[in-house]
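Subject: Structure for you to look at

Dear colleague,

I am handing over the structure below, together with some notes for a reader who has not seen it before. Please look through it with the notes at your side.

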Amino acid sequence: MKLTPMKISAILGWVFVSLLAVLLFPDKELAQKAETPYLGEVSARTLIAPISFEVPKTEQELEVERQKASEKVNAVFEFNPDETEKILKTLKQFLSKINTYGILKQNIEKSTDMDSVQALTKQTSVLFDSLKQKLSTTAIQKLSVENKARDSLYAAFQKMLEKGVSNTLITNNKTTLKLFKDNYNAPDIPFITYTNSNVSLIKGNSEIIIEVAQIQPKEHRIDETFAELQIAFPKNQGLQSAFYEVLYVFTEPNIFYLDKETKLRQKNAKDQVHLSKGMVPKGIEIVAQGSIITKEILEKIEALQQSLQKEAGNKALTAPYGQALLLFSIVSGFFLFFLVFAGTHLIKKTRHIWAIISLLAFQLILYWLFHRISRELAQGQSIIPDTVDLIWIYPFSLGPIIATVLFNRRVGLIFSLFSSVFLSFLGGYDLTVMISSFFVCWATINFLARMRYRAQFAWGILFGVTMFALMLVINLLLRNRLAFDVFYTSFIAGSLNLVLCTALASVLFIHLAEKLFGITTFLSLMEMSDFNRPALKRISELAPGSFHHSIQVSNLAEKVAEYIGANALLVRVMALYHDIGKTLRPEFFTENQKNGINPHDSLDPYQSMKIIASHVEQGLSLAKEYNIPDLVASSIAEHHGTTTAQYFYHAAKKLHPDREIKESDFKYKGPKPQSKETAILMLADSIEATSRAMEGASPEKLAEMIRNTIDLRLKEGQFSETELSVKDLAKLEKAFLLSLDGTFHTRVKYPSQK
């Protein structure tokens, strides 16, 4: 068997998509999901535990318990005796200097010796400059003469340090934190948000539990100590000010928050949370026949399946192997069905094959993504109610919708089958899911084949949602779960999914696929048939006769194509653009000539043929310039095929009777028509031009002309590369006659015309 590029691409795609499916879904969960009942379903049998097993907690439950365990751990602080001693020593030395300063001042006042006074004054000045670096002059003067005040200050300071000054503020909410920062003008204070009533304090070699209120930052401790000193010295404002200065300057933290130690203890607390809810002993009844499947029962069934799966894990052939084979079979079935039954004549380019492969891979990746999302939603808290069947959030209709619009209904149905089979596989080999999703896809894409208006998307959604409602009722009846809350939640989820898939397909993915893979959809063809398109405006302005001819050919070809089941819209658009090459030299074509002036009269037939044939190549160049899709541009070359320009051929023979005139010199370069559509265009172009030149056209004359035209093209072998059968040609003859007969019908003559 000869491997063509298309076959090689199909084989590569087959292997690629198969490997992708196996790699994306390697877990055993899908195989065991087939045995898992639905929440709220009536159990069809009694289930007894065949082994003892643990029921694991869900990730959400574990997270909640771990968080609670972490919150129970006390914040850890440490009392630093070395730092305490250092702070007290600094204050004691400073107060001693102040005392010395006071004594020196008294000695100066008592001394009568000038030399002694000068020496004492110099010593006092040096000491004052040192003290002034930390306290104001007023504070130094006040404290230097008050021995009792200094002693009281030191005692209060020592008591404050014994209570402890924390380097970290403990706050229970943002409001408290903001008030503290505003009151004390402390925007950068370290803090922890803490809700427990106690903390752990490491002091020396022991650890004690104390109340949170006993851990206070510098600002609070200064306020407390200052308040005590105010009571002791109530009337001396200057001295009170001195006290506050000293407290503010010399107070430093001696209790420190141990962040790493606290987090380590919190981690250990989380690690100690038990992973299971409890043990189910062997022989215990899990669920009785006829009982409702509750969330607790469902958790036990799933836990049993996981335990049985672990026991089977050492066997050579287990679920993953069967799963891989099943995935390969599904993908293989798609490719075989597509190649054998889908009609490969619709796929003529290698990049179209890759469009299908890419769409398959995209569908699988979306399934994988939503499979992960559904698992997260099933295990934890979410905004989606428990009554929603999460299988209906999978975008199962996206691939079929895109395939239908890009290609046709048949390809869309094959994608629907693939998507539905794979969805049932993800749902635990659920036959009802496969049937339901297939019918929903069928209902949706039924309005999208050969679509001409985007409003058809709305009809597709409406029909699809209606079908989904019906299939959902059937599903719930089969599972004995039909209840309003179960129905409407799943219905809303599935309907939103369908609407979103259709919207994304119509707005984004279809347009993207057209650009990436060079596919021309019916929507693009409809846009191209607008007479305001630059290319069509060019034809109408530069070659009005050719434009009129193109419109007549498009009307004729469209009717004929509809009659035999070809792509009527494509034929119409092809007809509108097929003579764009005539715009470069329009006067050389009969339909554009005026006043009976024919430039060919002064040319040799060979020159005329060269000019006439050049409109094909020039048309292809203009097609590239105006970004006309290849599918439409193919009509420019194929509508003449390799036919002979009979008029110029016979003119050459008449002009040069003594020379051998080769017919090949008067043939178009082709290629021959490659599809039904370009073959119809070829015939319509010739038949329309011939019919306009006929005088007194009767049905009999039209029938004969049509028959002769078709026979001539058949004898020339112009249809050899299309899929037109003899039966199709007979239909074409009848279709052309019906169309032209309507054009040349007899009109009633009015009295004024007699």
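Two strands are said to pair if DSSP finds at least two bridges between them, and the helices (H or I, at least four residues) and strands (E, at least two) named here are DSSP runs, numbered from the N terminus. Please keep in mind that this is a predicted model, in which local features need pLDDT of at least 70 and side-chain atom pairs count only at pLDDT 80 or more, while totals for chains, interfaces and linings use all residues. Residues are numbered from 1 along each chain as its sequence is written, and side-chain values use heavy atoms, with hydrogens and water left out.

I begin with the strands. Strand β3 (residues 76–79) runs parallel to strand β6 (residues 198–203), and four bridges join the two; within this pairing, phenylalanine 77 stands opposite leucine 201 in β6. With β8, in contrast, β3 pairs in the antiparallel sense, over three bridges, and here glutamate 78 stands opposite phenylalanine 256 in β8. In a regular strand the side chains alternate between the two faces of the sheet.

The loop between α10 (237–250) and β8 (255–257) holds threonine 251, which is buried at a relative accessible area of 0% (buried means under 20% relative accessible area, exposed over 50%, and partly exposed in between, with a 1.4 Å probe and protein chains only). If residues up to four places away in sequence are not counted, threonine 251 touches Phe157, Met160, Val165, Lys218, Ile222 and Val246, where contact means heavy atoms within 4.5 Å. A polar atom of the threonine 251 side chain also lies 2.5 Å from the backbone oxygen of leucine 247.

Another loop, between α14 (350–379) and α15 (398–406), contains leucine 390, which is buried with a relative accessible area of 17%. Leucine 390 and alanine 493 are 103 residues apart in sequence, yet their C-alpha atoms are 8.4 Å apart in space.

Turning to charged pairs, the structure holds 21 salt bridges, each being a side-chain nitrogen of Lys or Arg within 4 Å of a carboxyl oxygen of Asp or Glu. One of them links lysine 57 with glutamate 65, with the closest N and O atoms 2.6 Å apart; lysine 57 counts as buried because its relative accessibility is 14%, whereas glutamate 65 is partly exposed at 32%. Another joins aspartate 259 to lysine 263, the closest N and O atoms being 3.4 Å apart, and both residues lie in helix α11 (residues 259–271), four residues apart, which is about one turn of the helix.

What separates the next pair along the sequence? Aspartate 728 forms a salt bridge with lysine 676, at 4.0 Å between the closest N and O atoms. Aspartate 728 lies in helix α29 (residues 726–743) and lysine 676 in helix α27 (residues 676–693), so the pair ties together parts that are 52 residues apart in sequence. Aspartate 728 is buried, with a relative accessible area of 11%, while lysine 676 is partly exposed at 25%. Salt bridges that share partners also join Glu61, Lys277 and Glu299 into one network.

With kind regards

Methods: Polar contact = N/O pair within 3.5 Å; in protein donor to acceptor, adjacent residues only side chain to side chain.
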